[in-house]
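Me: Could you take a close look at one part for me, and follow it wherever it leads? I'd like one connected account that I can read alongside the picture.

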Amino acid sequence: AAERSAREGTSVTLRPLVIEPPIDPEPGPSDRASASIAAPAPAPTATDGARPDLSVILVTADRWDQIQRTLEHLGRQTVKERIELLIVAPEASSLDGLPDGLLAGYHSVETIPAGPIDNVDVAAAHGIRRARSHVVAMVEDHAFPELGWAAAIIEAHEEPWGVVGSAFTNANPRSLLSWVNMLMAYGSWIVPVSGGQVGSVSRHNVSFKRAALMKYDADLERLLGRDGGLLQRLAADGHRSFLASDARLAHVNPSRLLSTVRLRINAGRLRAAGRAARGRWPGWKRFVYVAGSPLIPVMLFRGMFRDYFSDQHRRPLMARAVPALAIGTTLDAIGQMVGFALGAGSAADTLAAFEFERARHLRRGDRRALNG
């Protein structure tokens with residue numbers, strides 16, 4: 001660049017190296033039915049007229065009030081003007097009445113009508129295809145990005161990571177059952193946690209290089225499903241994962257007893273059935289695992305306890321974690337026994353339903369605290 005500047009007598013602007021292949025900012029044929037929401041024009045910034053640095057995809061299966069709290073947290077991001085906000089909804093009218101202030105200040109805002117939504121993970125594919133940034137992040141309607149989350153995601157993706165995960169805090173920490181579900185689903189990534197290259201990240205509230213996902217365009221909906229194996233597919237194709245420990249989200253976890261039992265048993269069932277199916281296990285091997293299922297809680301508990309408390313900073317949480325892990329691993333083992341014996345059944349659909357209206361799965365005290 002210096003040689004060119006001296007030779008031509010002009011200024012040369014250096015641009016960051018893009019590791020992934022360039023993407024077409026124009027929407028594909030399947031996206032042309034999408035409609036835009038006119039957001040208030042942001043103040044002039046360095047990104048005006050340029051591609052956004054981060055596309056955040058937020059799905060609502062009903063109306064805008066289901067995503068209001070998440071929008072409020074996204075609106076406090078320090079790099080808001082660099083974010084393209086993509087809201088996937090059943091219809092453009094789903095966002096009627098949404099306060100203008102919730103959409104102000106972004107690089108751009110768009111709503112994508114997707115028709116009836118019965119799986120929020122799968123519906124995110126509409127946003128991925130529409131995104132203009134090289135980096136896409138999916139955020140749940142019951143996950144609240146903390147200040148600096150978006151900046152940390154953008155910074156991490158300046159390196160050639162295919163997948164960047166977030167770190168989590170518990171948004172409703174007063175309930176033991178909330179900790180059961182938090183530890184079982186996010187135990188490896190709960191704050192405090194060290195960042196860096198990792199073998200895996202959470203499959204929810206995660207970000208990707210868009211180009212890596214678009215290689216699977218024809219199969220994207222299936223891969224995004226809970227049992228679709230997207231992260232495993234990316235790893236097999238050579239994409240490395242990074243945990244951005246400064247990219248923190250507060251996650252709301254089910255805290256009702258019946259909800260916890262259904263969630264944990266079905267999660268165990270789906271995982272066990274998937275393991276047996278991928279390995280093409282014969283009937284005798286399934287029987288052996290069913291017969292040995294009483295040992296699963298002990299093995300799970302030991303492994304999770306060791307992994308979770310390898311960091312001494314987490315040890316003050318032991319009083320909560322020990323009973324939570326005992327309950328969670330027992331329910332998970334029951335589910336695994338059923339999965340090895342009978343297969344997945346309707347577990348995937350049951351688990352998908354837990355991503356809608358999280359308030360239904362909260363005890364009354366948690367609902368009051370969150371609403372307050």
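**From a charged patch to a buried helix**

Reply: Happy to! On the surface, Arg-256, Arg-364, Arg-367 and Arg-368 gather in a patch of positive charge. Please keep in mind that this is a predicted model. Let's begin with Arg-256, which sits in the loop between β9 (241-251) and α9. Its relative accessibility is 37%, and because buried means under 20% and exposed over 50%, Arg-256 counts as partly exposed.

Now follow the chain into helix α9, which spans residues 257-278 and holds another arginine, Arg-269. Arg-269 is buried, yet it has no salt bridge. The nearest side chain of opposite charge belongs to Asp-349, and that is 11 Å away. A salt bridge would need a side-chain nitrogen within 4 Å of a carboxyl oxygen. What does Arg-269 touch, leaving aside residues up to four places away in sequence? Its contacts are Gly-335, Gln-336, Val-338, Gly-339, Leu-342, Gly-343, Ala-344, Gly-345 and Ala-347.

Why is α5 described as largely enclosed by the rest of the structure? Because 9 of its 11 residues are buried. They are Leu-177, Ser-178, Trp-179, Val-180, Asn-181, Met-182, Leu-183, Met-184 and Tyr-186.

For a contrast with the charged patch, look at the surface again. Trp-284, Phe-287 and Val-288 form a nonpolar patch there, with about 400 Å² of accessible area together. Val-288 lies in helix α10 (residues 283-291), and with a relative accessible area of 46% it is partly exposed.

Finally, here is the setting for all this. The chain has 14 helices and 9 strands, and 49% of its 372 residues count as buried. It exposes about 17800 Å², with carbon and sulfur atoms supplying 54% of that area. Among contacts between residues at least 6 apart in sequence, 81% join residues at least 24 apart.

Methods. Residues are numbered from 1 along each chain as its sequence is written. This is a predicted model: local features need pLDDT of at least 70, side-chain atom pairs count only at pLDDT 80 or more; totals for chains, interfaces and linings use all residues. Side-chain values use heavy atoms; hydrogens and water are left out. Patches are made of residues with over 30% relative accessible area and no salt bridge: like charges are joined within 9 Å, nonpolar side chains (Val, Leu, Ile, Met, Phe, Trp, Tyr) within 5 Å. Accessible areas come from the Shrake-Rupley method with a 1.4 Å probe; for residues, only the protein chains shown count as cover. Helices (H or I, at least four residues) and strands (E, at least two) are DSSP runs, numbered from the N terminus. Buried means under 20% relative accessible area, exposed over 50%, partly exposed in between (1.4 Å probe, protein chains only). Lys and Arg count as positive and Asp and Glu as negative; His and the chain ends are not counted. Contact means heavy atoms within 4.5 Å. The place of a charge is taken as NZ of Lys, CZ of Arg, CG of Asp or CD of Glu.
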